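Subject: Structure for you to look through

Dear colleague,

I am handing over a structure for you to look at, and below it I have written out what was found. Please keep the model open while you read.

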Amino acid sequence: MSKDTIGNLLTYIRNADMTKKRRVRIHYTTISENIIKILLREGFIENMRKHQESNKSFLVLTLRHRRNSTGLDRTVLNLKRISRPGLRIYSNYRRIPRILGGMGIVILSTSQGIMTDREARLKGIGGEILCSIW
């Protein structure tokens, strides 16, 4: 496991979504729990629960899949890591990017915690742009 826990989180979810797996297990960190709570609140995932196995904590996510009119499952999540350990991207609240004209969300790490782009604009604070989801 690499040191980029946010990148690992997004990769686990993206891979499980592409292979149409219903559940994915992710190593527990406070940052990953906060990001997953945002995904849960925004409706990108169905459920989250904390699971512990012999001194290690995990988050078990239930992913959401949509059925189209032909009955085929289609992936819902498009995840992109923006700020990474080698290149940090910061923005004030006026320059936070809009994803698909506001249809997607941007997750930021601010001085008041991890939040979405809409919450940061309402509070008038900027921060590090972690990832975008649509």
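Helix 1 passes helix 2 in a right-handed crossing, a crossing being right-handed if the near helix is turned clockwise from the far one by less than a right angle, and left-handed if anticlockwise. Helices here are DSSP runs of H or I with at least four residues, strands are runs of E with at least two, and both are numbered from the N terminus. The contact between these helices, where contact means heavy atoms within 4.5 Å, is made by Ile6, Leu9 and Ile13 of helix 1 together with Ile31, Ser32, Ile35, Ile36 and Leu39 of helix 2.

This is a predicted model, in which local features need pLDDT of at least 70 and side-chain atom pairs count only at pLDDT 80 or more, while totals for chains, interfaces and linings use all residues. Residues are numbered from 1 along each chain as its sequence is written, and side-chain values use heavy atoms, with hydrogens and water left out.

Two packed helices are described by the angle between their axes and the distance between the axes. Helix 1 (residues 5–18) and helix 2 (residues 30–42) pack at about 45°, with their axes 10 Å apart; the axes are lines fitted to C-alpha atoms, for helices over the stretch in contact, and angles run from 0 to 180 degrees between N-to-C directions. The two helices are therefore oblique to each other, as angles under 35 degrees count as roughly parallel, over 145 as roughly antiparallel, 65 to 115 as roughly perpendicular and the rest as oblique.

Turning to the strands, there is an open sheet of 3 strands in the order 1-3-2, with antiparallel pairing, and two strands pair if DSSP finds at least two bridges between them. Its edge strands, each pairing on one side only, are strand 1 (23–27) and strand 2 (45–53). Strand 2 is joined to strand 3 (residues 56–63) by 8 bridges; Ile45 has Leu63 as its bridge partner, and Lys50 stands opposite Leu59. In the hairpin of these two strands, which has 2 residues between them, Ser54 takes a positive phi near 35°.

Helix 1 lies across strand 1 and strand 3, running at about 165° to strand 1, whereas helix 2 touches strand 1, strand 2 and strand 3, and its direction makes about 155° with that of strand 2.
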